[in-house]
Amino acid sequence: MEYFSLTDAQRCILQHSSRAGIEKVGLTQALGRVLAEQVRSNRDHPPYDVSAMDGYALRVADLHIIPATLAVVEDIKAGDIPTMAVLPGQCARIMTGAPIPKGADTVIRVEDTQAPDFDKVKDADTVQVNQLAVKGTDIRSRGENLRNGAVVFDAGVEITPGVLGILAMVKHAQVAVYRRPRVAILSSGDELEGLDEPFDPNKIPDANSYTLLAQVQALGIEPVLLGIARDDPIELSQYLMRGLEFDVLLISGGTSVGVYDFVRPTIEALGIHMHFWRVAIRPGHPLAFGTTPDNLVFCLPGNPVSSMVCFEQFVAPALRNMMGHRRVYRRTISARLAHAVKHRPGRTELIRVVLSRDASGYLATATGSQGSGVLMSMAHADGLLFVPSDSNGLAAGDEAEVQLLDGTVFQEHSGASS
Ligand code: AMP
Ligand code: MG
């Protein structure tokens, strides 16, 4: 029960991280949240058939001989209501977004008439059409975008800028979304020096509070830093109790089996139900997960790299699941290794890599020393390359999956060819 594989641990965590509840937010604050309600359109959009072009609304039957000369009976701008029907031999000058007048069934672009410069024909009462068309060309039909009463989104949809635009179109100014979990972060260790404490050359600066803070912030949640608990069961217990006021408590350090690693006994004394204490991954195997009816508790390794790697594999999916996301894991891509990687079967290994691209795809190169205390390897990383637990090592050129870290959805080149 204690030594879980990476995927077993992830499954167990997801089972226990249920939605954090529902709240209403204003539309302007809704970006990145997940809809917790079904939304329907309150209108037809467009509300009537409109022109997709600046041109002439006419009857296609009048184009049996080309060029055709038609009488211009009206000038219709977006926002106007047409007052005339278009009869045989007639047309209306029409702008993009303006309603199609009765009788007309087709729009001919101004470029396909005798005067490409629209202004010159402004006062003309006839127009010469030089182009045949099929009926319905360049007409956007009523309700083509949105149908009154139709479901536009179901619960579970992530609010991207495009989704937000549709919500604005259907006048959904207050949006029900899944609540963000409240997250607390605690560091533990006698050797640690806080960011605001005086510089002491013999101490270890607390990095984990800040890497975890940033990792939580990157998911759209503002966490609370509880500070540093010393390696003392009573002090640790007080901090943990404060941490249990939050939905999710992240503790780093003190979870191994060292004599001064008090997290395990202290947590057990508080009655937190622990699901596992170790995961077969490297870096990061002293990773523990527990629950109470109201909390998730993650005990992360003290080593800064391990803590960050474990956050991405275990904590981020839990937090995204609680916020209603269906896509809870970071995106992976396939990449070729630029060099060999040694590995003994047993644990899944996550190598910090930078990615470059050539004609045959992505190339992954390790970011220098892979020691679990070498945070620089994480600072430079574009992604984490998975070495499967049963691997006997990978050769240069082998394909592997790479989990993309923050920022790697952006690239230097636009990707367009013209
Ligand atoms: P522990 O898990 O407490 O045995 O710590 C493992 C290693 O991680 C030790 O070298 C600690 O000094 C280091 N460490 C623990 N917590 C932190 C932290 N918050 N920031 C930086 N290093 C840490
Ligand atoms: Mg420690």
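1. Surface patch. In this predicted model, a nonpolar patch on the surface is formed by Leu-195, Tyr-210 and Leu-225. Together these residues have about 280 Å² of accessible area. Leu-195 sits in the loop that runs between β14 (192-193) and β15 (204-205). Its relative accessible area is 66%, so Leu-195 counts as exposed, the cut-off for that class being over 50%.

2. Helix α3. Ser-209 belongs to helix α3, residues 208-217. With a relative accessibility of 2%, Ser-209 is buried, since the limit for that class is under 20%. Apart from neighbours within four places in sequence, Ser-209 is in contact with Ile-185, Ser-187, Leu-225 and Gly-227. One of these contacts, Leu-225, is also a member of the surface patch.

3. Of the 10 residues of α3, seven are buried, so the helix is largely enclosed by the rest of the structure. The buried set consists of Asn-208, Ser-209, Thr-211, Leu-212, Leu-213, Gln-215 and Val-216. What do they pack against? The partners are the strands β13 (183-188), β16 (224-229), β17 and β22, together with helix α6 (304-322).

4. Strand β22. This strand covers residues 296-300, and five of the five are buried, so β22 is largely enclosed by the rest of the structure. Both of its faces are covered. Leu-296, Phe-298 and Leu-300 are buried on one side, and Val-297 and Cys-299 are buried on the other. The buried residues of α3 are among the groups that pack against β22.

5. Strand partners of β22. Strand β17 (residues 248-252) runs parallel to β22 and is joined to it by five bridges. In this pairing Leu-249 stands opposite Val-297. Strand β21 (residues 288-291) pairs with β22 in the antiparallel sense, over four bridges, and here Ala-288 is opposite Cys-299. The link from β21 to β22 is a hairpin of four residues. Val-297 and Cys-299, named in these two pairings, lie on one side of β22.

6. Helix α2. Which residues of α2 (161-169) are buried? They are Val-163, Leu-164 and Leu-167. These three cover an arc of only 100° around the axis, which means that they are on the same side of α2. After the helix comes Lys-171, which has a positive phi, near 60°.

7. Helix α1. Leu-6, Ala-9, Gln-10, Cys-12 and Ile-13 are buried in α1, residues 6-16. Viewed down the axis, the buried residues fall within an arc of 165°, so they line one face of α1. The buried set includes Gln-10 as well as Leu-6 and Ile-13.

8. Tyr-3. This residue is found in strand β1, residues 3-4. Is Tyr-3 buried, exposed or partly exposed? Its relative accessible area is 48%, so Tyr-3 is partly exposed. Leaving out neighbours within four places in sequence, Tyr-3 is in contact with Arg-278, Val-279, Ala-280, His-285 and Arg-347. Between Tyr-3 and Thr-96 there are 93 residues of separation in sequence and 65 Å in space, taken from C-alpha to C-alpha.

Conventions: Residues numbered from 1 in each chain as written. Chains lettered and ligands numbered in written order. Predicted model: local features only at pLDDT ≥ 70, side-chain atom pairs only at ≥ 80, totals over all residues. Heavy atoms only, no water. Buried < 20%, exposed > 50% of the residue type's maximum accessible area, 1.4 Å probe, protein only. Arc of directions from axis to C-beta. Patch = residues over 30% accessible without salt bridge, like charges linked within 9 Å, V, L, I, M, F, W, Y side chains within 5 Å. Areas by Shrake-Rupley, 256 points an atom, 1.4 Å probe, with all protein chains shown as cover. Salt bridge = Lys/Arg side-chain N within 4 Å of Asp/Glu carboxyl O. Pairing = 2+ DSSP bridges. Contact = heavy atoms within 4.5 Å.
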